[in-house]
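Take a moment to look over the model below. Then follow the chain with this guide.

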Amino acid sequence: MESTIRLELFNFNKYFNMHQLAQIFKLDYNKQNASLGLIVLELILAAFVVLYTKHDTIYIFSVIFGTLFVGLSDPGGAFRSRSGPLAVAGIGGAILTVLGYNLASSGWGWITIVVFVVTLLSGLTLKFGAHWFATSLLLNAWFIIALGIGSSFDQSHISTHAWEQTLAWLCGGSLWVLVAVFLWVVHGQTAKPLFAEIPSDSKERKLTKPMIAFAVIRAIAMAIAVAIPFGLNLSHGYWIPIATMLSMKANLTQATIFSFQRITGTIIGTALAAALLWGVNSKLELITAALILLANGGAIRFVNYAWYTAATAAGALFAIDLFTPTSHTAEWQRVGYTFIGLGIGVLVMFIAITLGKRKAKSSPQPAT
């Protein structure tokens, strides 16, 4: 037994040594995109001022995520080539906003089925290229966030309407489109992509059986992650699917170090969100913190994925529980639910590694 344990430790050190551990927090300043962060921050601050003046702050996060996620799905370049992806991101997000807010007060069975279908379709978009896959992951994340916000409003007896939240999402996305048009006019059709780091590859590829199997496994994991809190009617239980979504391996060929960055960032973001929700009572201060975190997330997305995940996780979790009364007990519940979600995500990552090894054995060509 002792020799087996030593062997496992040896294998762990072989595949995940201290050098790789340091890579989790390594910063690549050359990929810092201050332009994206500043533009997003200015747009969402403008939206916040308008909504705060009209006392309609319950719509602020639909506007924020509409701006942020449509912006992150922008492939850059000539506006003609950008208009299609921007329209798909905006309209797709609007459809998922309606679904998320309407399902929030529905039975857990319907929620589980729809989450399974949305996550499965998101995983299969890899067939259409890296850009559409990245966009689908953002929209999938927004759907889970919208579902959580809607459930939080329902538990706190806050009245909201799905179509009004959808309009707020479209307004947020439209803000980004207006900026894209302005920059296109200023720089011209031959301008370089505004955000070159964002994948623009739309080349179709063949989906292998392991890839399809992993997409199904991710969908099942997300279905389980939402069935637990909604089936048991757990207060703050919607942190489980958020943590699962953030920590799960995105696709079969994702590097192990990248997956560990997702998990580490989720833990850091959760701790930050729980601490601020418990320690800060002013909603204005919490919204301001969320705006700064999400804007910084856009700026450092390619600087370090762990810190990007931490910023977006904290911002997303702020959005869900900002209007929900909190206490020390509630924060411990949130942290506990997060680790349940992380456990589901780690299990999926382990399955992905196994599938990846099988794929490597069956195909002599390296993964792209």
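In what order do the elements of the protein run from the N terminus on? The run is α-α-α-α-α-α-α-α-α-α-α-α-α-α. That makes 14 helices and 0 strands. Here helices (H or I, at least four residues) and strands (E, at least two) are DSSP runs, numbered from the N terminus.

A word on the source. This is a predicted model, in which local features need pLDDT of at least 70 and side-chain atom pairs count only at pLDDT 80 or more, while totals for chains, interfaces and linings use all residues. Residues are numbered from 1 along each chain as its sequence is written, and side-chain values use heavy atoms, with hydrogens and water left out.

Start with the whole protein. Of its 368 residues, 51% count as buried. Buried means under 20% relative accessible area, exposed over 50%, and partly exposed in between (1.4 Å probe, protein chains only). The accessible surface is about 17400 Å². Carbon and sulfur atoms hold 68% of that surface. These areas come from the Shrake-Rupley method with a 1.4 Å probe; for residues, only the protein chains shown count as cover. Now consider contacts, meaning heavy atoms within 4.5 Å. Among contacts with a separation of 6 or more, 82% join residues 24 or more positions apart.

Move to helix H4, residues 60-72. How many of its residues are buried? The count is 13 of 13, so H4 is mostly covered. At 1.5 Å a residue, its 13 residues should span 18 Å. The expected span is 1.5 Å times one less than the number of residues. The end C-alpha atoms of H4 are 18 Å apart, which agrees.

H4 has a partner in helix H7, residues 130-155. Their axes come within 11 Å and cross at roughly 170 degrees. H4 is therefore roughly antiparallel to H7. On the H4 side, the contact is made by Phe61, Ser62, Phe65, Phe69 and Leu72. H7 supplies Leu138, Ala141, Trp142, Ile145 and Ile149. Axes are lines fitted to C-alpha atoms, for helices over the stretch in contact, and angles run from 0 to 180 degrees between N-to-C directions. Angles under 35 degrees count as roughly parallel, over 145 as roughly antiparallel, 65 to 115 as roughly perpendicular and the rest as oblique.

Trp142 turns up again beside Thr97. Thr97 sits in helix H5, residues 79-103. It is buried, with a relative accessible area of 0%. Leaving aside neighbours within four places in sequence, Thr97 is in contact with Trp142, Gln165, Thr166 and Trp169.

Next come helix H9 (residues 209-232) and helix H10 (residues 239-247). Their axes come within 8 Å and cross at roughly 160 degrees. The two are therefore roughly antiparallel. Residues of H9 including Arg218, Met222 and Pro229 meet Ile240, Pro241, Thr244 and Met245 in H10.

Most residues other than glycine have a negative phi. Tyr238, by contrast, is buried at 2%. Tyr238 and Gly148 are 90 residues apart in sequence, yet their C-alpha atoms are 5.4 Å apart.

End at helix H13, residues 305-321. Because 16 of its 17 residues are buried, H13 is largely enclosed by the rest of the structure.
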